[in-house]
Amino acid sequence: MKILIADDDALQRELLKGFLENQGYETLTASDGFEALALFEREPVQLVLLDQKMPGLTGEEALKKMKAMNPMVHAIMITAYGDLSTAVTVLKLGAGDFLEKPVDLSLLLEKIQQIEQGMAVDEDVAVVEKAVEEGPLPLKMIAESPEMKNVISFIRRVAESPWPVLVFGETGTGKELAAHLIHLLSPRDASLFIEVNCAAIPENLFESELFGHVKGAFTGALKNRRGRFELASGGTLLLDEIGEMPLVLQPKLLRALQDGKITRVGGEEDIRVDVRLVTSTNRDLKQMVETGRFREDLYYRIKVFEIEIPPLRRRREDIPPLVNFFLDRYAPTGLRFTPEALDMLIKYPFPGNVRELEHIVQRTATLVRGGIIRPSDLPGEIRHHSTATQGTLAQSLEAVEREMIVSALERTDWVQTKAAELLGISERVLRYKMKKGGVHKGA
Ligand SMILES: Nc1ncnc2c1ncn2[C@@H]1O[C@H](COP(=O)(O)OP(=O)(O)OP(=O)(O)O)[C@@H](O)[C@H]1O
Ligand SMILES: [Mg+2]
């Protein structure tokens, strides 16, 4: 890894250079922001260590320009001690990290090693991204996060095979959409995609629904009827919520999969079916197997390939593009969210996942007056969640720090030497932090 060190303080520069070269890194040095930029343009650098205060360009300005040239670059900003506001802007610039002066070298090394590990993952993602970009999807499925890019790339690969796929994930994550995409990317895309929601069929009609019936098989069976399996022949059958399939019917499904044969209810003859099966569930099928509520042989048969669609709160990068996608769908008039409102959405945990987000966008887009959606236009659950966890990380940290300081001072009757000892910091640092946090006796 090649590291660019930019600092106007020659001593500091040499110290960092010596330390990093000792650790086996290649380094380049610059004594101000302009020189750093010039070097950055010429040399392939993976990491920059930037002093925040430099003559000419500040560290932030230099970093902004570097990020514009190479968004993949990593940076660690070196800030004045206690300068949290810079730290926050640095984090917002996507710099990755910051260190306070004087630089703790072992901490620096730790951060560099973390970045290196992250870079290995980024490389994997780059490979996946390439696979994803093979061609446009036949169906719009937003996948901005590495997690979803992985899902899409996996879908592309399994779609070509004839084997069963089990799609699982929480409610509203996009399982049905994924199943449909599998069909459209498969060689069967010109044939039918048939969906059966196993939770919606009354138990006594289940068998007939799947396998059909012959005339007179039961009261109300007035004529021969083909089931979903026959209808889907040549195409793809999605058995949604497969966990709801009655145990008594499971052997029949197994037979259809293993032998490619079904029998209509009340019928005698075997009917050949050629169906690609996709199943989906939000239940823990493995546990259902363990407790005897789902057949083990069927379980292994349907999960030749498994795809997990992660919950939305584990892939928040997808939230802004999803919001735009749903805005285009429900409010084609150019309605937009304010950055604050979007921020509240990004922080919300979405127990109902993408479907919940879709409904929220639909609802607010319909109700709002004017061209912009503000925080006050958002539904209560989001506003309430947001007041519970408001503020940036730095603000929360500051609040915690202030609380600890006040509590230590109260416990020591405001004797600063003792309080500092209790907190494990020097008295000088305590005084500094008290001043910054506005902490004084009687406040
Ligand atoms: N990545 C995505 N891009 C665009 N739309 C999405 C995406 N994921 C889900 N949706 C939309 O969100 C809604 C819910 O998705 P879907 O019905 O596929 O979820 P599900 O996992 O099957 O939910 P359930 O478990 O409740 O059946 C649908 O309108 C779907 O089109
Ligand atoms: Mg579904």
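Start by selecting the shell of residues around ligand 1: it divides into 7 nonpolar, 5 polar and 4 charged residues. Keep in mind as you click that this is a predicted model.

Next, show side chains for part of that shell. Of its 16 residues, the ones that come nearest to ligand 1 are Ile-142, Thr-171, Lys-175, Arg-355 and Glu-358.

Pick Glu-358, where a polar side-chain atom lies 2.6 Å from an oxygen atom of ligand 1. Move to Arg-355, and you will find an N or O atom of its side chain 2.8 Å from a ligand oxygen. For Glu-176, display the backbone instead: one of its polar backbone atoms is 3.1 Å from an oxygen atom of ligand 1.

How much of ligand 1 does the protein bury? Taken alone, the ligand exposes 630 Å², and the protein buries 89% of that.

Switch to a surface view, and you will see that ligand 1 sits in the largest pocket. Then go back to cartoons and select helix H7 (175-185), helix H13 (319-330) and helix H15 (353-367), the elements that each give two or more residues to the shell.

Colour by domain for the next stop. Ligand 1 lies between domain 2 (146-308) and domain 3 (313-388), because both give residues to its shell.

Two backbone stops remain. Select Lys-101 and Pro-102, which are joined by a cis peptide bond with omega about -5°. Pro-102 is in the loop between strand E5 (96-100) and helix H5 (105-132).

Finally, pick Phe-350, in the loop between helix H14 (339-347) and H15. Phe-350 is not a glycine, yet its phi is positive, at about 45°.

Methods: Residues numbered from 1 in each chain as written. Chains lettered and ligands numbered in written order. Predicted model: local features only at pLDDT ≥ 70, side-chain atom pairs only at ≥ 80, totals over all residues. Heavy atoms only, no water. Near = heavy atom within 4 Å. Polar contact = N/O pair within 3.5 Å; in protein donor to acceptor, adjacent residues only side chain to side chain. Areas by Shrake-Rupley, 256 points an atom, 1.4 Å probe, with all protein chains shown as cover. 1 Å grid on protein atoms, 1.4 Å probe; cavity = no way out; pocket = protein on both sides within 12 Å on 5 of 7 lines; lining within 4 Å. Sits in = over half its atoms within 2 Å of the grid points. Helix = DSSP H or I, 4+ residues; strand = E, 2+ residues; numbered from the N terminus. Nonpolar A, V, L, I, M, F, W, Y, C, P; charged D, E, K, R; others polar. Domains from an automatic or database assignment.
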